[in-house]
Amino acid sequence: MIDDNNFDVIIIGGSYAGLSAAMALGRSLRTVLIIDSGKPCNRQTPHSHNFITQDGKKPSEIASIAKKQVLQYNTVSFFADLATTAKKTNNSFEIETQSGALFLSKKIIFATGLRDIMPNIEGFAACWGISVIHCPYCHGYEVRNQKTGILANGDMAFHYAQLISNWTKELTLFTNGKSTLTNEQTEKIKKNNIEIIEKEVDAIVHENGKLQHITFDDQSKTVVEAIYSGPQFEQHCDIPEKLGCQLTEEGLIKIDTSHQTTVEGVYACGDNSNKRTVSLAVSSGTLTGVHINNYLIQEEF
């Protein structure tokens with residue numbers, strides 16, 4: 001139960017960035033409420049990597065430990081619910097949740113992450129985060145030197161081809177239809193012994209998310225053990241936009257150096273406004289909490 005509905009800061013989203021911001025604020029003696037619906041973007045990913053001291057742990061395990069540590073600070077509260085609306089009043093923000101609970105705060109942090117939009121390819125969603133991956137710095141070491149596919153086209157395909165060639169030389173590029181690579185890009189890719197297949201992908205065949213092979217519309221198939229792909233995404237939460245927060249051309253929440261959005265008093269951290277890694281989410285959360293506490297001190301002093 002939440003005894004008081006008035007807080008210094010409300011954090012919407014209780015994964016790595018939100019919990020990190022809550023710790024910085026809790027240690028600054030600020031009253032904080034974390035509202036979280038329990039659906040992090042990486043919930044299907046079996047292991048997290050490239051995060052020192054936590055390398056190889058399950059994402060849920062890292063978040064569970066973090067939550068336990070953060071809630072040791074008695075000014076920090078956690079409310080398991082979905083934030084649905086927010087509005088700015090004269091001197092505060094009013095947040096309502098799906099269950100009808102109402103809370104007030106001086107500042108808001110959105111640590112709400114992103115929602116990936118899965119392509120209409122059978123098996124893609126089931127493999128996402130397991131054997132269909134987006135970041136070699138997060139997952140590349142585990143699939144190093146394996147038969148690897150790239151599911152992309154145009155500039156993104158060329159970028160992936162360059163990047164992933166550092167982890168494996170057994171690369172095949174699947175453009176899922178006619179290639180939109182430039183002649184120069186095509187020549188460079190082929191020069192590095194990367195095959196380009198322009199057939200349309202029919203399905204990703206897998207067992208419990210572990211890729212076995214790709215099938216095409218002509219019923220042929222290619223065996224690969226991992227695929228890199230960067231699907232489109234959207235903001236997981238639409239409340240920031242409804243409050244007037246601007247987005248960047250990439251679809252991220254626009255923030256300044258203090259992680260404040262284009263709406264005064266509203267902040268963002270983690271994947272919704274930054275690059276997608278656990279370590280950067282934690283870092284951005286800490287910075288956001290520090291900046292907010294400094295602003296509150298200035299307002300109160």
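Y267 counts as buried, at 1% relative accessibility (buried means under 20% relative accessible area, exposed over 50% and partly exposed in between, with a 1.4 Å probe and protein chains only). This is a predicted model in which local features need pLDDT of at least 70 and side-chain atom pairs count only at pLDDT 80 or more, while totals for chains, interfaces and linings use all residues. Residues are numbered from 1 along each chain as its sequence is written, and side-chain values use heavy atoms, without hydrogens and water.

The structure holds seven aromatic pairs (rings of Phe, Tyr and Trp, the last by its six-membered ring, with centres within 6.5 Å; planes under 30 degrees apart are stacked, over 60 edge-to-face and the rest tilted). One of them joins Y267 and Y295: the centres are 6.4 Å apart and the planes stand at 40 degrees, so the pair is tilted. Y267 lies in strand β17 (residues 266-268) and Y295 in helix α8 (residues 278-300), so the pair ties together parts 28 residues apart in sequence. Helices (H or I, at least four residues) and strands (E, at least two) are DSSP runs, numbered from the N terminus. Y295 is partly exposed, with a relative accessible area of 31%. F7, F79 and F103 form one aromatic cluster.

The structure holds zero disulfides (a disulfide is a pair of cysteine sulfur atoms within 2.5 Å).
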